[in-house]
Amino acid sequence: MSKNQKKKSVSLSAKKARLGWVFVSPFVIGFFLFYLVVIVESIQYSFMEVETLPEGGFITHFVGWSNYEYMTRTLTTFMSGLWATVRDMLYSLPILLLFSLFVAVVLNQKLKGRALFRAIFFVPVILSTGIIAKSDAANNVVSAFATMNTGEMTTVAEEASAAFSINGLMYYIEDMFSFAPWLLEFIETAATNVYEVINQSGVQILIFLAGLQSISPSLYEAAKMEGCSSWESFWKITLPMISPMILVNIIYSIVDCFTRYDNNVMNSIQSMITLTDYGHASAAAWIYFCAIALLVLIIFGIASRFVFYQGKER
């Protein structure tokens with residue numbers, strides 16, 4: 001076989017795979033040049049007691065698994081914080097995905113000012129990132145919502161309106177879903193975390209929009225000719241076609257939830273580093289990483305079974 005024939009026999013999927021490696025090559029090179037050494041040292045410190053010296057530098061003593069035993073058995077606040085973070089993530093994940101998908105479907109419709117609305121929904125991502133988020137120590141938006149329940153209103157009319165809109169609504173919801181306490185707790189969590197959901201949904205909305213715009217309009221036209229309603233088209237066409245994007249958003253949302261700046265576990269690990277307790281901090285970081293990795297693998301294994309890839313044989 002000649003060289004020209006070998007080149008022609010390369011499949012399209014192989015070409016895409018090569019292009020993918022080119023795309024991620026900066027990360028791969030940076031990982032081996034900068035991050036690998038730090039990761040290896042972190043693993044070593046997790047099995048050692050690190051003692052800093054007054055004149056600078058530090059000395060280490062091998063202690064085996066004692067750092068891990070201290071974090072999991074002695075320091076109960078760390079494990080309780082870890083379970084609380086996992087629980088909050090499991091509550092907020094479906095709310096975040098449903099809200100992002102709903103907004104993406106609305107923004108994908110043909111309406112005036114569509115580009116402006118898309119920009120507005122992405123603004124919270126910029127405002128809740130990095131220095132801007134940390135500078136908002138007063139958290140004025142959340143405080144404004146909180147005053148609606150503390151009676152700090154300027155007029156009697158505003159106070160009555162707040163009582164009707166929030167307390168009355170919550171009473172109605174509690175009465176409606178009294179038969180299912182877990183569902184009531186889920187709804188209350190969604191209602192009280194509206195501000196955080198909007199802040200965290202910008203990237204997910206963009207990913208869903210990219211998936212929706214990649215669906216061929218001919219599929220909807222053919223379904224309409226066959227008599228399918230918009231609701232049936234959503235379940236039979238839209239949802240299966242964007243299922244890979246749903247999986248991407250699930251993984252992204254989990255990692256984003258566990259690595260946010262206001263995460264309690266991350267803050268506790270950072271406080272250990274501030275106190276130069278590098279041994280316990282390294283052990284806590286690796287326990288946290290393993291918990292995240294295990295949770296991601298479990299959810300990925302479950303969710304990937306329901307993902308539809310166009311053109312892939314099952």
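Which residues do ring pairs link into a cluster? They are Phe27, Phe31 and Phe32. Rings of Phe, Tyr and Trp (its six-membered ring) pair if their centres lie within 6.5 Å; planes under 30 degrees apart count as stacked, over 60 as edge-to-face and the rest as tilted.

Before going on, a word about the model: it is predicted, so local features need pLDDT of at least 70 and side-chain atom pairs count only at pLDDT 80 or more, while totals for chains, interfaces and linings use all residues. Residues are numbered from 1 along each chain as its sequence is written, and side-chain values use heavy atoms, leaving out hydrogens and water.

Across the whole structure, a search finds ten aromatic pairs. Two of them are set out here.

| Pair | Centre to centre | Angle between planes | Kind |
|---|---|---|---|
| Trp65 and Tyr68 | 5.3 Å | 50° | tilted |
| Phe234 and Trp235 | 5.7 Å | 85° | edge-to-face |

How open are these residues? Buried means under 20% relative accessible area, exposed over 50%, and partly exposed in between (1.4 Å probe, protein chains only). Trp65 is exposed at 56%, whereas Tyr68 is buried at 14%. Trp235, at 45%, is partly exposed.

Now for charges. Side chains of opposite charge can pair when their charged atoms come close. With a salt bridge taken as a side-chain nitrogen of Lys or Arg within 4 Å of a carboxyl oxygen of Asp or Glu, the count is one. Asp88 and Arg87 form this bridge, at 3.6 Å from N to O. Asp88 is partly exposed at 43% relative accessibility, and Arg87 is partly exposed at 47%.
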